[in-house]
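Here is a friendly walk through one model, helix by helix. Have the viewer open as you read along.

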Amino acid sequence: MLNIAQITKKARQLKKTLLVFVLLLCSAFMISSLLAAVFISVQAEHECSSEVCFICVKIHNAGSFLAQISKISALTLLAGVSLMAAIIPIKLNLFGNISITLVDIKARMNN
Ligand SMILES: [Zn+2]
């Protein structure tokens, strides 16, 4: 059974791990969208060899990828704003005194 100090330590470790994961994910999104945009701009005026051009297909794929990324980003931003709209009134204590004591959560202190 874990005591309060161990739970707090594990929560901090989990928070750091989550932060690193989120930063890596954001970096991957940014780098991949940047590379797609660079590819489109570099290959925009290529010489088409035939009707079925491999580069044109890749440009189309990169454009679709950028459209999907922008939708995902917009949804993520909307979710973040909604979450902040829900959290800020609680943090500012607009609903009165909401207090959670150790007795309320029945925490054991005798380990
Ligand atoms: Zn082409």
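What should the 40 residues of helix α1 span, and how far apart are its end C-alpha atoms? At 1.5 Å a residue, helix α1 (residues 4-43) should span 58 Å, and its end C-alpha atoms are 58 Å apart, which agrees. The expected span is 1.5 Å times one less than the number of residues. Helices here are DSSP runs (H or I, at least four residues), numbered from the N terminus.

Please keep in mind that this is a predicted model: local features need pLDDT of at least 70, side-chain atom pairs count only at pLDDT 80 or more, and totals for chains, interfaces and linings use all residues. Residues are numbered from 1 along each chain as its sequence is written.

Next comes burial, where a residue is buried with 20 or more other C-beta atoms within 10 Å of its own, exposed with 12 or fewer, and partly exposed in between; C-beta atoms are placed from the backbone. Helix α1 is hardly covered, with 0 buried residues among its 40, and α2 is hardly covered too, with 0 among its 38.

S73 sits in helix α2 and counts as exposed because it has 12 C-beta neighbours inside 10 Å. Its C-alpha atom is 9.3 Å from that of F29, 44 residues away along the chain.

After α2 comes N93, with a positive phi near 60°. K106 lies in the segment after α2; although not a glycine, K106 has a positive phi of about 55°. Most residues other than glycine have a negative phi. With 6 C-beta neighbours inside 10 Å, K106 counts as exposed.

Methods: Helices (H or I, at least four residues) and strands (E, at least two) are DSSP runs, numbered from the N terminus.
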